Amino acid sequence: MEESKIRIVEHHRKTIEFVQSLHAVSEDTWRMELGAGQWSVAEVIGHLIPWDEFVLQKRIPYLFTNEQLPKGPEAMTLNNASAFKSRNEEKSATIRQFVSVRSNLLNAIHEISNSRWKEELLIGQTRLQLYDYFNGLAEHDLHHFAQVKRVLQNN
């Protein structure tokens with residue numbers, strides 16, 4: 001397997017394991033804000049779900065076609081809706097949905113041919129390699145998981 005693909009696959013496996021480990025946190029910790037006026041752990045995890053669905057449905061199927069990529073959702077609207085949903089649903093439901101959708105994304109990434117990882121893509125006005133696209137998403141995950149880990153360490 002192509003080295004850059006291995007990194008992305010491994011990242012996704014670790015995110016699934018990390019989120020599954022959140023079953024063990026208390027309900028208070030799950031609902032705790034990352035900081036004053038910031039999202040809770042629940043909201044952070046919940047907001048990743050629709051973005052994974054977007055990548056699965058509106059990016060991966062179009063990456064290697066001549067079709068124009070579908071327009072991305074309005075970030076604030078999507079984030080607010082997903083935060084509201086996860087704020088109001090059971091911890092186990094949010095975790096289960098994250099694991100399901102992220103597993104589907106992991107499977108889709110696994111299916112991408114090794115030879116495609118060095119290909120250049122055009123997303124909007126930006127040219128980048130497939131690895132760079134997925135690495136940017138992984139960095140977003142890592143940013144939020146670092147925030148969650150700080151809350152976990154303090155509780």
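Helices here are DSSP runs of H or I with at least four residues, numbered from the N terminus. The model is predicted.

**Stop 1: L106**

Select L106, which lies in helix α5. Its relative accessible area is 10%, and buried means under 20%, so L106 counts as buried. Leaving out residues up to four places away in sequence, L106 touches V9, H12, R13 and I16. For a distance check, pick G124 as well: the two C-alpha atoms are 24 Å apart, at a sequence separation of 18 residues.

**Stop 2: α1 against α5**

Now show helix α1, residues 3-21, together with α5, residues 91-111. Two packed helices are described by the angle between their axes and the distance between the axes. For α1 and α5 the angle is about 170° and the axes are 10 Å apart. Angles over 145 degrees count as roughly antiparallel, and α1 and α5 are therefore roughly antiparallel to each other. The crossing of α1 past α5 is left-handed. To display the contact, select K5, I8, V9, H11, H12, R13, T15, I16, V19 and Q20 on α1, and I95, F98, V99, R102, S103, L105, L106, I109 and H110 on α5. Coloured by class, these residues split into 10 nonpolar, 6 polar and 3 charged.

**Stop 3: α1 against α6**

Angles under 35 degrees count as roughly parallel, so α1 and α6 are roughly parallel to each other. This crossing, of α1 and α6, is left-handed. On the α1 side of the contact, select S4, R7, I8, H11, T15, F18 and V19; on the α6 side, select Y131, F134, N135, A138, D141, L142, F145, V148, K149 and L152. The contact of α1 with α6 comprises 10 nonpolar, 4 polar and 3 charged residues.

**Stop 4: α3 against α6**

Hide α1 and bring in α3, residues 41-59. Which way does α3 run relative to α6, parallel or antiparallel? The two axes come within 10 Å and cross at roughly 170°, which makes α3 roughly antiparallel to α6. From α3, the contact uses V41, V44, I45, H47, L48, V55 and R59; from α6, it uses Y133, F134, L137, H140, D141, H144, F145, V148 and V151. By class there are 11 nonpolar, 3 polar and 2 charged residues in the contact of α3 with α6.

**Stop 5: H144**

Zoom in on H144, in helix α6. H144 is buried, at a relative accessible area of 10%. Apart from its neighbours within four places in sequence, H144 is in contact with V44, H47 and L48. H144 and V44 are 100 residues apart in sequence, yet their C-alpha atoms are 6.8 Å apart in space.

**Stop 6**

In soluble globular proteins, nonpolar side chains tend to be buried together. Here the largest nonpolar core has 40 residues, and those touching the most other members are L22, W30, V41, I45, F98, W117 and F134. At least two residues each come from α1, α3, α5, β1 (120-123) and α6.

How values were computed:
Residues are numbered from 1 along each chain as its sequence is written. This is a predicted model: local features need pLDDT of at least 70, side-chain atom pairs count only at pLDDT 80 or more; totals for chains, interfaces and linings use all residues. Side-chain values use heavy atoms; hydrogens and water are left out. Axes are lines fitted to C-alpha atoms, for helices over the stretch in contact, and angles run from 0 to 180 degrees between N-to-C directions. Angles under 35 degrees count as roughly parallel, over 145 as roughly antiparallel, 65 to 115 as roughly perpendicular and the rest as oblique. A crossing is left-handed if the near helix is turned anticlockwise from the far one by less than a right angle, and right-handed if clockwise. Contact means heavy atoms within 4.5 Å. Ala, Val, Leu, Ile, Met, Phe, Trp, Tyr, Cys and Pro count as nonpolar, Asp, Glu, Lys and Arg as charged, and the others, Gly among them, as polar. A nonpolar core is a set of buried Ala, Val, Leu, Ile, Met, Phe, Trp, Tyr and Cys residues joined through side-chain atoms within 4.5 Å. Buried means under 20% relative accessible area, exposed over 50%, partly exposed in between (1.4 Å probe, protein chains only).
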